[in-house]
Amino acid sequence: MHALIGHNGSGKSTLIKVLAGYHHADPGASVFLDGQPTTFDSLGHRGHGSGTRLNFVHQDLGLVLELDTIDNLALHGGFARTRLGRVRWREQQRRARELMAPFAVGFDIHQPLSKVTPVERTIVAVAGALQGWSSDHGVLVLDEPTAVLPPHEVGRLFEIIRGLRERGAGILYVSHRLDEVFELADRVTVLRGGQRVIARPVEGLTKQELVVHMLGDEARAHYRADLAPASKASAVLEVRGLTGRFLRGASFAVYPGEVLGVAGLPIDGRDELPRLITDARRAAVAGSVRMPDVSTDWVDVDSWRGDGLVILPPDRAREGILSPMSVGENLSLSSLDRFGPTGRLDKAAEREFVNEWIDRMTVITSGPDAPITTLSGGNQQKVLFGRVLAVEPRVLVMCEPTAGVDIGARQAIYELVAEQVRQGLSVIVSSSDVGDLEALCTRVIVLHGGVVVGELEGDLLNEHELLHAMEGAEPEVAA
Amino acid sequence: MTDRLKNALSVGKISGLYVLLAMIVLFSIWVPETFPKWDTARQILNNNAIGAMAGLALIVPLAAGVFDISVPYVMTLSGVMCAYTVVNTDLPLWLAVVIAMSAAIGVGVINGIVVVVLKIDSLIGTLATGFLVQALVKWRTGSKVVTSGELAGGFSRIARRQLIDFTLPVFYTLIVATVIWLLLEHTATGRRIYATGFNRDATRLAGVRTERIRFGALVLSSTIAGFAGIALASQLGSGLSTAGDSYLLGAFAAVFLGATQLKNGRFNAWGTMIGVVLLGTGTTGLGLANQPQWVQDTFRGVVLIASLALTGLQVRKAGASSMRSWLRRGSPPEPTNPDHGPAAASAPSTT
């Protein structure tokens with residue numbers, strides 16, 4: 001079990017893509033499989049030689065959510081067919097059961113994958129990658145498999161990964177999360193700037209040392225934003241009885257200069273809450289909202305425009321960036337009114353604005369005209385932060401602010417947000433990464449069963465208490 | 001500056017113009033008696049102006065990620081309506097034009113309601129409204145040609161009047177193209193239109209009223225189509241219930257071809273103009289060379305596939321394309337997994 005870690009931009013993804021044959025390696029590179037020299041082109045391909053090969057589970061899993069487990073496995077491994085080409089569904093079903101059996105999962109393989117939990121999808125992807133290989137040969141490459149999993153499901157995946165290792169599989173585990181390295185891996189390779197920094201057994205290595213290797217210099221593993229608790233004299237935003245698919249009447253308030261964390265699982269409404277208060281007009285929802293210093297009237301959330309609120313969406317690729325557009329166009333999208341509300345778009349002013357925000361957000365890019373897709377995940381996220389902060393919102397609602405962002409960029413992002421908060425911005429953070437909440441929040445509300453069951457503040461706001469509260473147990477101090 | 005010039009003249013950006021030059025040379029050698037004449041240039045522009053307007057009508061909706069299949073039927077509707085009003089009433093010509101334009105804009109509003117409010121996929125929704133518009137025309141006219149001597153007056157001058165060798169529709173087209181260019185390139189709205197077409201969810205969450213943009217785009221396309229239809233009826237000298245039909249494929253061909261020009265994958269006005277002239281020159285040249293009709297259609301098909309394939313190659317090198325993302329709306333930017341086919345997210349949205 002070998003862990004591969006490093007910053008975004010350190011070359012992890014590129015390495016994986018080269019191995020998978022998506023990118024071509026430069027001449028002069030060599031690769032060995034089972035001690036035999038081989039070519040990069042043949043690595044990821046099925047059905048060659050002895051069955052020794054690499055199997056990939058990419059971060060997006062490569063599944064078709066509309067189809068069920070049987071179909072998805074068949075898409076990876078081929079359909080069982082009669083000689084006339086008709087699919088033998090009974091045989092196909094049997095195969096799927098067989099493949100899923102080692103994982104001891106209870107879900108119905110006839111269900112479309114959109115109906116099963118994220119970890120179960122990951123398991124299907126793993127099963128798909130493993131089908132037809134001889135277990136003592138080959139390497140399974142897992143690319144950040146926990147990136148989208150809620151905490152309680154991560155453990156389940158880990159069990160399965162350990163089980164695979166016991167069956168004799170070699171596993172290359174790509175991750176951002178240092179804890180996972182210590183929990184799972186035997187050996188670890190750290191990449192920085194496209195080069196190997198170290199490759200050694202995990203045993204005897206400390207987390208601090210690992211961070212140092214990743215960053216190249218001393219850095220705090222446990223960052224904590226320097227923010228004072230906010231005064232609770234008057235709220236900037238109050239929400240009453242918020243109800244949607246998962247939420248069952250959650251009520252809370254946000255105060256000026258506060259970073260309010262939302263902890264809980266997706267089924268408790270953690271992911272739903274940010275959407276309902278910023279983009280609720282199309283959903284079946286109930287609840288009311290008000291911003292006391294704008295108006296003391298309560299407004300129904302389904303007719304609320306959300307003025308003064310801005311959301312940083314959780315899924316950067318699908319709801320954040322506009323991939324065909326440039327860095328500059330992505331940055332200025334929410335602020336276009338400044339450069340010509342009705343008439344001609346003042347491109348010089350826009351450029352000045354874009355350059356200013358690229359500087360402020362410390363975005364690393366070749367320039368405002370560079371396609372956004374040429375940036376690393378962390379830098380794309382900084383561009384999105386620039387987009388939302390530039391509109392000078394009253395309340396910034398952030399979802400998964402550091403998903404797929406490396407530690408270095410993470411701290412930079414925390415600092416950028418903290419700086420705005422010190423100037424009076426209020427922030428709501430919803431994140432599956434407890435580290436985000438711990439690093440940034442001055443107060444955290446805990447959701448369970450769709451309602452706010454507790455609140456953590458001050459010294460109680462630490463990883464241990466948060467995880468404890470999220471597992472559904474009563475927090476030690478309820479508000 | 002020289003870099004800018006080099007960039008502007010690069011084969012990648014204006015491949016269409018180079019192909020056009022090559023075709024002019026080819027036809028000049030092939031049919032030297034008839035092709036290399038000023039008359040041919042006039043004929044190409046005059047004959048393709050209305051088709052060009054139909055193409056221009058499609059640009060803004062496509063840039064906003066919306067199909068408008070109803071454009072040719074709206075052209076029929078406004079043309080027939082204008083001719084009908086001139087023939088059967090004593091209303092002045094300008095009022096007939098206003099009535100026809102109102103009808104066209106009305107169809108645009110209905111398209112907006114169907115696509116944006118009822119959330120029906122634009123391809124299907126505007127196909128349906130196209131049928132309904134056609135039904136309306138056939139019902140009112142009984143599928144008969146609306147014609148009379150009265151159409152020979154002011155009405156015929158809308159499209160037949162010449163100004164320095166070119167008929168008026170050529171100038172209308174230039175004006176409309178300029179307006180669309182200004183809108184898409186030089187206004188905030190234009191940027192929002194492209195953003196909406198690239199990724200509607202992301203754009204909405206960035207605070208853009210994407211529904212308004214989509215609605216507006218459909219109204220705009222019907223407006224341009226309405227005007228093109230009046231010009232068409234004027235050119236034909238009659239209100240014909242099938243007048244617009246033949247413009248559907250050509251208009252889409254010109255716009256898609258245009259998106260491979262100048263703006264690297266974005267639907268744009270001048271690129272579409274290049275597309276129109278390119279296709280028009282090819283078909284006219286083939287006509288002068290006495291080639292049968294099917295050769296012209298073959299030409300159109302081959303040009304379209306070749307240009308899009310070339311753009312696809314460029315795009316793969318550049319790493320990003322609006323065209324590709326437009327064709328797989330709402331999907332992640334990079335297929336991170338070459339083995340496993342499209343990810344779940346790439347299923348086209350149906351709203």
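Biologist: What order do the strands of the open sheet in chain A have?
Modeller: This is a predicted model. In it, six strands of chain A form an open sheet in the order β4-β5-β6-β1-β7-β8, and the pairing is mixed.

Biologist: Which strands stand at the edges?
Modeller: β4 (54-57) and β8 (195-201) of chain A. Each has a single partner strand, so one side of each has no neighbour in the sheet.

Biologist: How many degrees are neighbouring strands turned against each other on average?
Modeller: 20 degrees, with direction ignored.

Biologist: In what sense do β5 and β6 of chain A pair?
Modeller: Parallel, over five bridges; β5 covers residues 139-143 and β6 residues 170-175. Within that pair, Leu142(A) is opposite Tyr173(A).

Biologist: Which strands does helix α5 of chain A touch?
Modeller: Helix α5 (residues 118-130) of chain A packs on the sheet against β4 and β5 of chain A. The direction of α5 makes about 160 degrees with that of β4(A).

Biologist: Switching to chain B. At what angle do α4 and α11 cross?
Modeller: Roughly 50 degrees, and their axes come within 7 Å. α4 is residues 71-88 and α11 residues 210-236 of chain B. That angle makes α4(B) oblique to α11(B).

Biologist: Left-handed or right-handed crossing?
Modeller: α4(B) passes α11(B) in a right-handed crossing.

Biologist: Which residues meet there?
Modeller: On α4(B) they include Val71(B), Met75(B), Gly79(B) and Cys82(B). On α11(B), Ser222(B), Ala225(B), Gly229(B) and Leu232(B) are among them.

Biologist: And how do the contact residues divide into nonpolar, polar and charged?
Modeller: Twelve are nonpolar, seven are polar and none is charged.

How values were computed
Residues numbered from 1 in each chain as written. Chains lettered and ligands numbered in written order. Predicted model: local features only at pLDDT ≥ 70, side-chain atom pairs only at ≥ 80, totals over all residues. Axes fitted to C-alpha atoms, helices over the stretch in contact; angles between N-to-C directions. Helix = DSSP H or I, 4+ residues; strand = E, 2+ residues; numbered from the N terminus. Parallel < 35°, antiparallel > 145°, perpendicular 65-115°, else oblique. Left-handed = near helix turned anticlockwise from the far one by under 90°. Contact = placed C-beta atoms within 7 Å. Nonpolar A, V, L, I, M, F, W, Y, C, P; charged D, E, K, R; others polar. Pairing = 2+ DSSP bridges.
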